[in-house]
Each structure stands twice: as structure tokens, then as C-alpha cells.
Amino acid sequence: MLGGLFFVPMLGLLGIMIALYRRNPRRFLDGPTEDAPLRLMRWAVGLLSPQRVEWGQAMLGELGHLEGRIRRMRFALGCVGAALVLPPWGRAAAGVWAMIVLAAGAVGLYGGMAARYRLGGGGWIAAAILTVFVIGVLLGASALVRRPGVAIPGLLGGLFITVTWLTLSGFTFLDQILPNTVPWHRLVQVIVVPFVVGAAGTLWGRDPIVGKRIARLAAMTGSLGLFVYTSIAVAAIGGGGPFDEDGGGTLRGTISDRLGNNLILLAFTTLVVATIGWGGAAAAGRLLRRTPPPTVPGPISPDSETQQEA
Amino acid sequence: MQRNRPPSPQTINVLRALAADPARWRYGYDLATEVHLKSGSLYPILVRLADRGLLETSWEPGRGSRPPRHLYRLTLTGREFVAALTAARVDRTTLNPHNRWSEA
């Protein structure tokens, strides 16, 4: 079942490629018209708060006077770092702190169990992979929460994904260790809920781009939340329940196998939920474009009345 | 709430570079090259200095296809701040010749 579900993100990515091609075939085939440092810088400048817009323009202006690809790229990368940390953050700070707490919990729990059960080199390599993954998620989330109208719906979407997932798989720790999920539950968890979150994001922000960002943030927070919960389950139960045959039937092997399953679930849910959510946001965006805006009669000026009469 | 922490060695270097010729407008990249700072460190410093009223900014109009460029120089307050910083350093060095923190 889980193996079959790995086709879902692949199909999702294929769908994204087709959508990108259909949106602008020329750009897709010819490549971007701007160089990478400029595109990177434009993206970073978009992260700045309205009070710092002038500084973003200053960085862009300076880049416009630099020659040489390496020099431009080094300058742009530095500015991206500056844009990511430059205050004020406003409400986004709360979102980033929530993500940092989740990320620290995820890495701390994994590292703690690797040490407690002496999982050896393999366990520490997995912990290192988790740390790199979580840092990437944090960086991505810190960029997303600074976009207008994304932080709160994205975090709420993540909470919704986590709660729905746990409701369907069972809230008890044993349900997490030994999942007994029926196929339609998986369908709801992996397809329906992320799609709904993406579509709701688009409707919330009245813009599919905002919806896609909300879907990505929700995927990151939801997956991290699930990972922390399942890691707590492993920590609480420890070697309880039947020993895993995959882990060689030993306590250490069982713990290692359960933690490994959580790690795969983290990567899987992040990718799948983000991809399906992206699709939901794009689909809702199409519906929005088809819905004509309500016609509001504008004020009638004396001039227009004269023109109409003429 | 604005905090008045002592300036970092990197900030002091930027202030000194700007104070070398206070009337001259400087470009960000040139300043970064002079004080050996990456753009990621320079711009947050410039933002803080401007927020504290030590730095004034201006725009040089764009030429041809080149975009407008941001320029920087010290305000009067900035110049006074650098002078006070230099005086404090001289005092500290006189009192304790081993404590040359600002040259770190």
C-alpha cells in the first residue's frame, strides 16, 4: 500500500511540470530570461517587510552594477541571508518560533532515543539526515511565513493535517507504532485533506500563489507535527508491543526500525502533502478565474452622463 | 524598544570607513569590499545604522539600462558618534594598554 502511494508524489510532480509548461511553454523550453542571481535576489527582496522595501531595492540596484557571474552570485547569496534575518518580522516571528520548537523537538527526540538505545553509527547518520532535512524545512518555512497572508492559514492548515491524520490513524501511541489503517483512511490523509488545504488557501487569499504557499507551509508544519507525535509514541512505548521482525526481533533493532519508519513518513508526508496541496491550490485558482467578479456600478460623473447622451 | 548595545567590531569598521571621508557618498559593494564584509553582513549593519540615525541614504539615478543605486554617508550624529567612539578607545587604551578590544 505504502509502496503504491509513492507513485502519488511522482504523478503530482509530473502534473506540476505539465502545468508549468502549459502556463508558459516558451520560458519552459528556452529557460529563464534573467540570470540566477537576479531571480534569487528578487525572491529574497519579496521576503522583506514593507518597512524594508527600500533596502531591498538598494540590494537590487547594487547587483545591477556588478559584473561577473560568480561575483553577482556571491553578492546575491549574501543578500538572501540578510533578507531572511532582517527584522521586523511582525506576526511571522511567532510562526517561525512555532516551527523552531517543532524542529527542535523532532531532532531532540530522535537524538535522545539514538543515545538511549545506543543505535550506533546508523542511528546517528539517520539523526544527521533528519537534522539537515529539518534545517531545510525551517529555512523554507521561515521564507514562507514572511509572505503576506500565509503564516496563520499555513500553520492552521498544518494543524488541520496533523489532527485529521491522527484522528484517522488513532490517537493512542500504540496506533502510531502499529498502524492499522484502512485504505480509504489513507486516501483521505494523503489526497483529500492536502487538496482541501491547498484549495482553502487559495480561497482564503483569493490568489492561487498564496494558496500554494499556504499548502507548502501546511505540509511542513503538519509533517513535522506528525513526526514529533510519532517520535513521542516511540519514546513512550519503547520496546513495548511485539518486536519488529524487520529489526531482527531485538529491542535495539525494533526501536531503530520504528524511528526509521517515522523518518520515511516525515519525508513522504512533506513531499506528498505539499504536492497535492499545490494541486488543490492551482485547481481552486482556476475556479476563481472562471468566477466573474461581482459588478459594482461605479459612480456616474456628469461627464459620462453627457457622453452617454451624445 | 531600541537597544543601545555597543557596536560590533564589524560595525566599527564600517563606521570608520564611512568616517574616513564623511562628505563622500559611498556604494554598498565598495564599502563591503573595503571592510572585507559580505553583503549579508553589511546590509543589516547599514540598516541598523540608518535606524539609529547615524547614516543617511540617497539614490543615484540609473544610467541607461542600469538601475538606480543606493548611496550612504554618515549623518552629523554619525560623525559625532564615531568621534566619541574613537575618544573612548583612546581613553581605554591609555588606562589599560592591553585592552585593545576595538582592534579585534
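The legends below describe close-up views of a predicted model. Local features require pLDDT of at least 70 and side-chain atom pairs pLDDT 80 or more, whereas totals for chains, interfaces and linings use all residues. Residues are numbered from 1 along each chain as its sequence is written, and chains are lettered from A in the order in which they are written.

**View 1. The interface between chains A and B.** Contacts link 14 residues of chain B with 16 residues of chain A, two residues being in contact if their C-beta atoms, placed from the backbone, lie within 7 Å. On the chain B side, two or more residues each come from helix H2 (28–34), helix H3 (39–51) and strand E3 (69–74); helices (H or I, at least four residues) and strands (E, at least two) are DSSP runs, numbered from the N terminus. H3(B) gives the largest share, 5 residues. By class, this side of chain B holds 7 nonpolar, 4 polar and 3 charged residues. Here Ala, Val, Leu, Ile, Met, Phe, Trp, Tyr, Cys and Pro count as nonpolar, Asp, Glu, Lys and Arg as charged, and the others, Gly among them, as polar.

**View 2. The helix pair H4 and H5 of chain A.** The axes of H4(A) (residues 36–45) and H5(A) (residues 53–63) come within 9 Å and cross at roughly 170°; axes are lines fitted to C-alpha atoms over the stretch in contact, and angles run from 0 to 180 degrees between N-to-C directions. The two helices are therefore roughly antiparallel, a term for angles over 145 degrees. H4(A) contributes A:Pro37, A:Leu38, A:Met41 and A:Val45 to the contact, and H5(A) contributes A:Gly56, A:Met59, A:Leu60 and A:Leu63. This contact comprises 7 nonpolar residues, 1 polar residue and no charged residues.

View 3. Because 8 of its 11 residues are buried, H5(A) is largely enclosed by the rest of the structure; a residue is buried if 20 or more other C-beta atoms lie within 10 Å of its own. Among the buried residues are A:Trp55, A:Ala58 and A:Glu62. The buried residues of H5(A) pack against H4 and H6 (69–85) of chain A, and against E1, H2, H3 and E3 of chain B.

**View 4. A:Cys79 in helix H6 of chain A.** A:Cys79 lies in H6(A) and counts as buried because it has 29 C-beta neighbours inside 10 Å. Beyond four places in sequence, A:Cys79 contacts A:Met41, A:Ala44 and A:Met59 as well as B:Ser39, B:Gly40 and B:Tyr43.

**View 5. The nonpolar cores.** A nonpolar core is a set of buried Ala, Val, Leu, Ile, Met, Phe, Trp, Tyr and Cys residues joined through C-beta atoms within 7 Å. The largest has 54 residues, and A:Ala103, A:Tyr110 and A:Leu224 are among those with the most contacts inside it. Helices supplying at least two residues each include H7 (92–116), H8 (120–145) and H12 (208–237) of chain A. Another core, of 32 residues, lies apart from it and includes A:Met41, A:Met59, A:Ala76 and B:Leu55.

**View 6. The open sheet of chain B.** Three strands, in the order E1-E3-E2, form an open sheet with antiparallel pairing; strands pair if DSSP finds at least two bridges between them. E1(B) (residues 26–27) is joined to E3(B) by 2 bridges, and E2(B) (residues 55–60) is joined to E3(B) by 6 bridges. B:Tyr27 has B:Leu71 as its bridge partner, while B:Trp59 stands opposite B:His70.

Technical notes
Angles under 35 degrees count as roughly parallel, over 145 as roughly antiparallel, 65 to 115 as roughly perpendicular and the rest as oblique. A residue is buried if 20 or more other C-beta atoms lie within 10 Å of its own, exposed if 12 or fewer, and partly exposed in between; C-beta atoms are placed from the backbone.
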